[in-house]
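Here is a short report on one structure. Keep the sequence and the 3D view open as you read.

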Amino acid sequence: ADGPKRLDVASTFSTKNFLGAGAEHLSKELQTATGGAVSLRVHEPGDLVPAFEVFNSVSSGAIQAGWDWMGYWAGTVPITNLYGALPFGPSPEAFMSWMWSGEGTELLQTEYDKYGVKVLPCFISPQETGGWYNKEINSPEDFDGLSMRISGLGAKVLNRLGASTQLVPGGEIYLALERGRVDATEFSVPQVDAAMGFDEVAKYYYFPGWHQSASWFSLLINQAVWDEYSDERKAQFETACRSTLQWAMAEAPPEQVRTIHELEEKGVEVRRFPDEVLDALQQSWVEVRREEMENNPAFAKAYRSLMEHAGLIDEWYELQAMPPIIPLDEGDS
Amino acid sequence: MSRATLAPWRERGAAVCAALGRPLVGLGLVVGRISSWLLLLVMLAVLTTVLLNALGVNEIGRWDTKILLFGDALTINSITELQWHLFGILTLLGGTYALHHDTHVRVDLVYHRLSLQGRAIVDVIGHLLLLIPFCLLIAWLSKHFVTMSYISNEQSNYGGLTDRYLIKAMLPIGLVFLAVGALGQVFAKLAVILDPRSGASGSSVDEGATHG
Amino acid sequence: MAEFLSEYALALLMVVTLLAGIFSGYPVAFLLGGLGIVFAFIGDIPVPFLGTVGSRIFGGVIENWLMIAIPLFVFMGLMLERSGVAKRLLLTLQRLFGRTHGGLAVSVAILGVIMAASTGIIGASVVMLGLLALPVMMKQGYRAEMACGVIAASGTLGILIPPSIMLVLMGSILQISVGALFKAALLPGLLLGGLYIAYLLITARIRPDWAPLADMADVDPTPLPLALLRDLLGPFVLIFVVLGSIMAGIATPTEAAAIGALGSLLLALAMRSLDFATLREAVRETSRTSAMILFVVIGATCFSVVFKRLGGDYMIEELITGTGLGPYGLMLLIMGLIFVLGFFLEWIEISFVVLPLVAPVVEVLDFGYGLSGQGLLVWFAILVAINLQTSFLTPPFGYALFYLKGITEGQVSILTIYRSIIPFVLLQVTGLVLCMVFPALVLWLPGLMP
Ligand code: NA
Ligand code: NA
């Protein structure tokens, strides 16, 4: 028998935003690829299981499939920190190249195999932002004593600069920021942040998102369920996945900039971290990275592989580097 | 049914059931009384977090060897997570404690018109058919959830507590504990069914006059 | 119709069994959980699927930091009650109203609004308010229906008046600004509080025996200003510290609950009414009472996931999308459906099932107020929120009613509580209709009026 015709998917993001909409898009692509034979039924976060329990529930077979941001599982599979939120990591294009032409997907799957989970990387979100701040960051010293909601490796980087990084549940971030219980928060891409209303409670919107250069989202499928599908179906899943990724990469960046312009109109000040600050952050990252690689061989191996691969891409683009394009002006008709 | 005289087998049966139920119910009560104090620890942990945040302190201490639950550092996030760890234990064990005190809410429209035996029958059927299967099945199915946390060495993603399997294991433990408590109640209620006089003093235990 | 019934027979049977089952008097929490399991077997749901229940309990209750507010507020309520602070506070507040019948009940409604501004967890505010006020009201000879009604209704305002986890969840499902929702919910919340107070004053005037005045012998002879200073100072400082710590950004609402708990402990100490035995009893009762609340949530999460798996959500989907109604017809259908679902499902599940389904439909409707986009969705969300708040109060399956019942220790029957809530449910419906007819009530504050 062939696998389920309608796969129940527990999403970790609302399908009303861009991140969760990826799952809906994948479902459409999958229907196209399979001639309508297979589709996804995407459940809102918490509808089947709480967002943070998706990986574990797919592994146990309690649910068939999930739609996730990979970084959520860093507590369980530390290597996912690299795929979800890698500070000072390579560009989305270089990352994608590593996933499909390098070792990226294979290394991830090896880790997931221990838990009986099949992973299909299907979606990449553009680089996140540097976060919402109610305090100006003019020098690295301004991080000292700053209280910020941020998790993962980025948090470790900030800790070294004296910031107090905190865990505030999604439901209380807005209020915590409004009342000053935290001075800053990172959340997601502008499109998603804007919907959270952070522009009403924070003054500055900082760039770049140094803590997360590209973040991967995937379709998780219980291995036993996956194995029920024929090879042809499996290939169709892959096709649908790649097509969804392409859609995400095409759709996302312009939309973010449009959103940023709208936010600016509402009075948000868009800022860039000074170079001095970015240098300090990167220095701190180097130390965190060293520690992480010492403690975690799987992470070290993947990181080396990714950097080596990204190096090739960088070299290519350096060779091909062009001067900035002269924009159109009035004279052009 | 006549209440004046009872067949001797019923009296004996009631005594046996009561004797079987007593230690199980007693255990739930003792544990519940002790775990109640976790409330003050929860409060203390929250207040500590507020204080540390106000002072802008993130890391309280760091050491070299990893210790259970706390890993190698104590941060504001360790304390934040400690809050819900303690809260989880308080809640799960409190469930059994509340069972023995009959605090779990009932819609007593019909129930309060029933005789002592009638009420005992409702509870015995309910515990055997609903509560005990619920507890045991969900506890059994949580096995994967705990072992996975254990083998993956799951920990906080915010630099908080390590050994997440400890609190995850509390879920099946708490549910099995509740099932044991429910079994104790079944015996206690059977004693009432067999010999209503044995229930005159109340089969749901009270801890003296201070209650209420 | 017959086809509909046969397709969703199990989901419907599950609801019917639940409604019949609660009247057996078996604890609601265990009934919910147990029926989930029983129907999973009847419906032949694969056993591993029930593994979702453990995850839901862990994520929804144990790991859910916001729930910590429950034991903390329950403890605060118990401490204030045990130390006599609550009683003196309410009696002195009542003196403020002079010889007006119903003054005590109005004080409770006002306290409810204040509680609402410091938490968004219904169990916490209903139980705390009940612990504070029910003994005093009963002792003073209030009609039980009057006392229970005002406590349950005012206690549920917490989910409407910000901060509120319900509005946060709605914001995330509908992808609208939580801030706009918070602002939008404020006036409707206060409107409902105002309706309660008006009702209480009018009823007490018509039926003074329902809301008797304190016995003259009981009224203490201290001059009012002095009594106010003595009895209100402590509690007001406490309220000020709890709300103030949220406003000043020292604490999140959950953390403020701990500050309140500590404050009540210190207040009892200052009143010289705290000894070890009192503390021990308060701690023990807190543990039992909050477990009572949280196990209802635990049982409900099991019931809901199985109900949905048995096709319950398709059933609701079919009901909503299968009609060809106009804007107001559809709105009324949705409101009616939520109202009915509120009889047996928890607000979280209703939000998950209904909101994503109806949002795209409502978004493009024209209600004739010139509403569109964000404004339209915010208005709609608040109407749903008021409706969901009502679902906590509607018999037979109203969570607020259960929580209140849970702390009465058999002094008040559930039937009394059911009767008590009827006028308040009618007031809720009035409030809902007002917000429907005058969108400005909702949209003026967030500045979303077209
Ligand atoms: Na509230
Ligand atoms: Na209801």
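## The largest pocket

The largest pocket has a volume of about 1400 Å³. A pocket here is an open set of points on a 1 Å grid over the protein atoms alone, with protein on both sides within 12 Å along at least five of seven lines. Points are joined across faces, edges and corners, and the volume is the space filled by probe spheres set on them; the probe is 1.4 Å. Lining residues have an atom within 4 Å of a point. There are 49 of them, and the closest to the centre are K156(A), E292(A), N295(A), K66(B) and Q155(B).

Helices (H or I, at least four residues) and strands (E, at least two) are DSSP runs, numbered from the N terminus. Helix 6 of chain A gives the largest share, six residues. By type, the lining has 16 nonpolar, 22 polar and 11 charged residues. Ala, Val, Leu, Ile, Met, Phe, Trp, Tyr, Cys and Pro count as nonpolar; Asp, Glu, Lys and Arg are charged; the others, Gly among them, are polar.

## How the model is read

This is a predicted model: local features need pLDDT of at least 70, side-chain atom pairs need 80 or more, and totals for chains, interfaces and linings use all residues. Residues are numbered from 1 along each chain as its sequence is written, chains are lettered from A and ligands numbered from 1 in the order written, and side-chain values use heavy atoms, without hydrogens or water.

## A salt bridge inside chain A

E292(A) and K156(A) meet through their side chains in a salt bridge (3.2 Å, N to O). E292(A) sits in helix 11 and K156(A) in helix 6, so the pair ties together parts of chain A that are 136 residues apart in sequence. A salt bridge needs a side-chain nitrogen of Lys or Arg within 4 Å of a carboxyl oxygen of Asp or Glu. Over all chains, the count is 32.

## Chain C against chain B

The size of an interface is often given as the accessible area lost when the parts come together. Chain C and chain B bury about 5600 Å² between them, 78% of it on carbon and sulfur atoms. Buried area is the accessible area (1.4 Å probe) lost on being put together, summed over both parts. In chain C, the residues that lose the most area to chain B are Y26(C), I62(C) and R288(C), together 13% of what that side buries. Contact (heavy atoms within 4.5 Å) takes in 67 residues of chain C and 57 of chain B.

Two salt bridges are counted between these chains. R164(B) and E63(C) form a salt bridge at 3.8 Å, N to O.

## Chain A against chain B

Here 23 residues of chain A touch 19 of chain B. The two chains bury about 1800 Å² between them, 50% of it on carbon and sulfur atoms. N56(A), G75(A) and L167(A) supply 30% of the area that chain A buries against chain B, more than any other three residues.

What is the count of salt bridges between chain A and chain B? It is one. The side chains of E53(A) and K168(B) meet in a salt bridge at 3.6 Å, N to O.
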